[in-house]
Amino acid sequence: MIALILPLLMILGPGPTDVGASLIALLFLVHVVVDRDRVALQAWWFRLALVLWVFMLATAPFALASVSEAFGRGATFLRFPMLAAALGFWLLTEPKWRDRYMAVLLAIVLFSAVWALVEWYWVTRVVQSYSHPLRLTGPFDDRKVGIFLTKTMFPCLGFALAWATAGSTRRLIPVGIGLLVVLLAIFMSGERSAFLLCGLGMLIFVFTVPIAGIRRFKRYAMLTAVLGGLGVYLASPATFDRQITSTIDTLSRLSITSYGLLWQSGVEVGELSPVLGAGGKNFRDVCPEIRSSNIKFRGADYSDYLEFCSTHPHNTYVEVFAEHGAIGIVIFILLLGAFVGAFRRQMADPVAMGAGLGMLLTLWPIVPHGSFFNNWNGVVFWSLVGLMVSRVATRRATAAPVGRSHPG
């Protein structure tokens, strides 16, 4: 089934990921037309995603810089909610296919973590050719292995813990080892946002995971995290300094860092057209007109050059306001509320809770993040949406008429 190769495509690059996701979305559209399946339209989050899509298309002609870019961004956005609906209401409604999807995703997460750790060992212990704090790439073509693991590890952890508690308690041993590998990979990746969000996610997961009988595992996991942090400090002081000391320093002067300046630029771009915004994918064109992208100055510590502009503001909420204005941000917040409503109906499911947690970390407001409308970021996020709502879809499908078909 095509859905099973989607996690694999995520590590092959944005192009293959986008092609695979678009194909799934297109096949789902054909399914909807042929089988007259309207179940997705019953979900408020899907309806609001369609409203956002229509709004992006309708306001594209009013873009401040490039109408074609705004229209292209709006037209292609539809593939994301269609992907989520395809996974949630069509491809993963049968438990066996949902579990197979989770097994593939878990394998990809572990593979990526091991690759990152091997890369760290090779560069720092064998080659020793780095001059700046190390940023790992893992199996990806750029430095995003840490944030990928942070977004996807929690549904995998819920799936693994459910498997472990369904059998012997000895199953918790490989789960603990796998968790340690992933946490180490995130820490050693050098991605400060991934590290912060992973820590936040672990705290939430430990106190809310709906699995009985793992209290001892939780205690051991917390102890392992502390000992692992100490081990990292002894093995790689530079990495520890970047993830802890440098993070604290950056947060203490956030407003004058590159990210703080980008957020300010995003707000200023949005204020040029506060109702409709500058237009999809127009921040990169409008920002240099009010803040030259070539203007740089040294930060307070005189070590890093700081920039005013980039391809996007590196904050989801600022990006939505800058490019889609007050109306866009209101629709977006309503969409988030619909996600919360869908999540509350399956909080007792560890995988759905983990998927919802991955979505929450993606949308956490005060941490720098990639563009919400980027193809790779979009596929990862909306696949989590589909995984989360598939738990509801499974219960709905159980009571469906015998004649309803499921892909397999």
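Predicted model: local features only at pLDDT ≥ 70, side-chain atom pairs only at ≥ 80, totals over all residues.

Me: How many disulfides does the structure hold?

Reply: The structure has 1 disulfide. It links Cys-287 to Cys-309, with an S to S distance of 2.0 Å.

Me: Where do Cys-287 and Cys-309 lie?

Reply: Cys-287 is in helix α13 (residues 283-290), while Cys-309 is in the loop between β2 (305-307) and α14 (316-344), so the bond ties together parts that are 22 residues apart in sequence.

Me: Are Cys-287 and Cys-309 buried or exposed?

Reply: Both Cys-287 and Cys-309 are buried.

Me: And which hand is the disulfide?

Reply: Left-handed, because the torsion about the S-S bond of Cys-287 and Cys-309 is about -80°.

Me: What about Cys-156, buried or exposed?

Reply: Cys-156 has 3% relative accessibility, so it counts as buried. Cys-198 is at 6%, so that one counts as buried too.

Me: OK, helices now. At what angle do α6 and α7 pack?

Reply: About 140°, with the axes of α6 (residues 95-127) and α7 (residues 145-165) 9 Å apart. That makes α6 oblique to α7. The crossing of α6 past α7 is left-handed.

Me: Which residues in α6 and α7 meet?

Reply: On α6 they include Met-102, Leu-105, Leu-106, Ile-108 and Val-109, and on α7 Phe-148, Leu-149, Cys-156 and Phe-159 are among them. The residues of this α6 and α7 contact split into 14 nonpolar, 2 polar and 1 charged.

Technical notes. Residues numbered from 1 in each chain as written. Heavy atoms only, no water. Axes fitted to C-alpha atoms, helices over the stretch in contact; angles between N-to-C directions. Helix = DSSP H or I, 4+ residues; strand = E, 2+ residues; numbered from the N terminus. Parallel < 35°, antiparallel > 145°, perpendicular 65-115°, else oblique. Left-handed = near helix turned anticlockwise from the far one by under 90°. Contact = heavy atoms within 4.5 Å. Nonpolar A, V, L, I, M, F, W, Y, C, P; charged D, E, K, R; others polar. Disulfide = S-S within 2.5 Å. Buried < 20%, exposed > 50% of the residue type's maximum accessible area, 1.4 Å probe, protein only.
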